[in-house]
Amino acid sequence: WHPTFFAADLLTLSLYFFQSPFRMVRLFDESHGKHPIGPYGETDFRTLAYLFDTFNIPTTASIADLGSGRGRTALFLRLVRGHKHVLGVEYHKTMAQRSARVKRWFHIDGLAYIQGDWATVPLEGIDVIYIYGLILEKKASMKLARHLAFLPPGTKIITISSWLGEEIPDSFQLIQKIPVRFDWGETEAFLQAVIWK
């Protein structure tokens, strides 16, 4: 039970009452055919806590949520799990703006939301990156992998269903792979680290 999180999350959910994030992303993709952002999805909080506990991610680690959507994952990591600094990065402008508005309304320190491309956003000072939706076209996936490969060695990256070493094997070391359950079914989660090129 965390009263600020409960209120902020309730407000976040209410901002999407008349138009779901799934529909917003679908409409965006239809109008941006050459540069879609892909299917929308979220990690439920129980699964998120399981991942961060199993992968032993300390609360002292600064986190970046690439593809933050409505911003609920970043909100949970900052307020409930207590990570000192959490950054949500979302390409969809309206979603990024709404997340930032909730952050401002509740005066949440240590939490930031920005609108930007995963493959170009500056990630200096980030210890752990979480990527729920790594379902990208091949060209976009390679661009993201190349961007992340230049982070400081030891930077950890959590991905769902596939890992970045499939794209650039010499840049990422697989640390741990675990089965994980989502509302839509079971898959695997990968903890990997950037290594020297």
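Helices here are DSSP runs of H or I with at least four residues, and strands are DSSP runs of E with at least two, both numbered from the N terminus. By that rule Thr94 lies in helix H5. The structure is a predicted model, in which local features need pLDDT of at least 70 and side-chain atom pairs count only at pLDDT 80 or more, while totals for chains, interfaces and linings use all residues. Residues are numbered from 1 along each chain as its sequence is written, and side-chain values use heavy atoms, with hydrogens and water left out.

**Helix H4**

- Helix H4 (residues 72-79) is largely enclosed by the rest of the structure, because 8 of its 8 residues are buried, where buried means under 20% relative accessible area, exposed over 50% and partly exposed in between, with a 1.4 Å probe and protein chains only.
- The buried residues of H4 include Arg72, Thr73 and Arg78, and the buried residues of this helix pack against helix H1 (3-14), H3, strand S1 (63-66), strand S2 (86-90), strand S3 (111-115) and strand S4 (128-131), with contact taken as heavy atoms within 4.5 Å.

**The second largest pocket and Thr43**

- The second largest pocket holds about 280 Å³ of space, and among the 19 residues that line this pocket, Gly41, Glu42, Thr43, Asp44 and Arg72 are the closest to its centre.
- On a 1 Å grid over the protein atoms alone, a pocket is an open set of points with protein on both sides within 12 Å along at least five of seven lines, a cavity is a set where a 1.4 Å probe fits but cannot get out, and lining residues have an atom within 4 Å of a point.
- The lining of the second largest pocket divides into 7 nonpolar, 6 polar and 6 charged residues, where Ala, Val, Leu, Ile, Met, Phe, Trp, Tyr, Cys and Pro count as nonpolar, Asp, Glu, Lys and Arg as charged, and the others, Gly among them, as polar.
- Thr43 sits in the loop between helix H2 (21-31) and helix H3 (45-54), and Thr43 is buried, with a relative accessible area of 5%.
- The side chains of Thr43 and Tyr130 make a polar contact at 2.5 Å, a term for a pair of N or O atoms within 3.5 Å of which, within protein, one must be able to donate a hydrogen and the other to accept it, and for which residues adjacent in sequence count only if both atoms are side-chain atoms.
- Leaving aside residues up to four places away in sequence, Thr43 touches Leu48, Thr73, Tyr130, Tyr132 and Phe182.

**Aromatic rings**

- There are 8 aromatic pairs, counted when rings of Phe, Tyr and Trp (its six-membered ring) have centres within 6.5 Å, with planes under 30 degrees apart called stacked, over 60 edge-to-face and the rest tilted.
- The pair of Phe182 and Trp184 is stacked, because the ring centres are 5.1 Å apart and the planes lie at 5 degrees; Phe182 counts as buried at 3% relative accessibility.
- Ring pairs also link Phe5, Phe45 and Phe76 into a cluster.

**The largest cavity**

- The largest cavity has a volume of about 30 Å³, and H5 (93-105) and S3 each supply at least two residues of its lining.
- Residues that line the largest cavity include Thr12, Leu75 and Tyr113.

- Thr94 is partly exposed at 30% relative accessible area, and the C-alpha atoms of Thr94 and Met24 are separated by 9.1 Å.
- Thr54, in helix H3, counts as partly exposed at 25% relative accessibility.

Definitions and conventions: Grid points are joined across faces, edges and corners, and a volume is the space filled by probe spheres set on the points.
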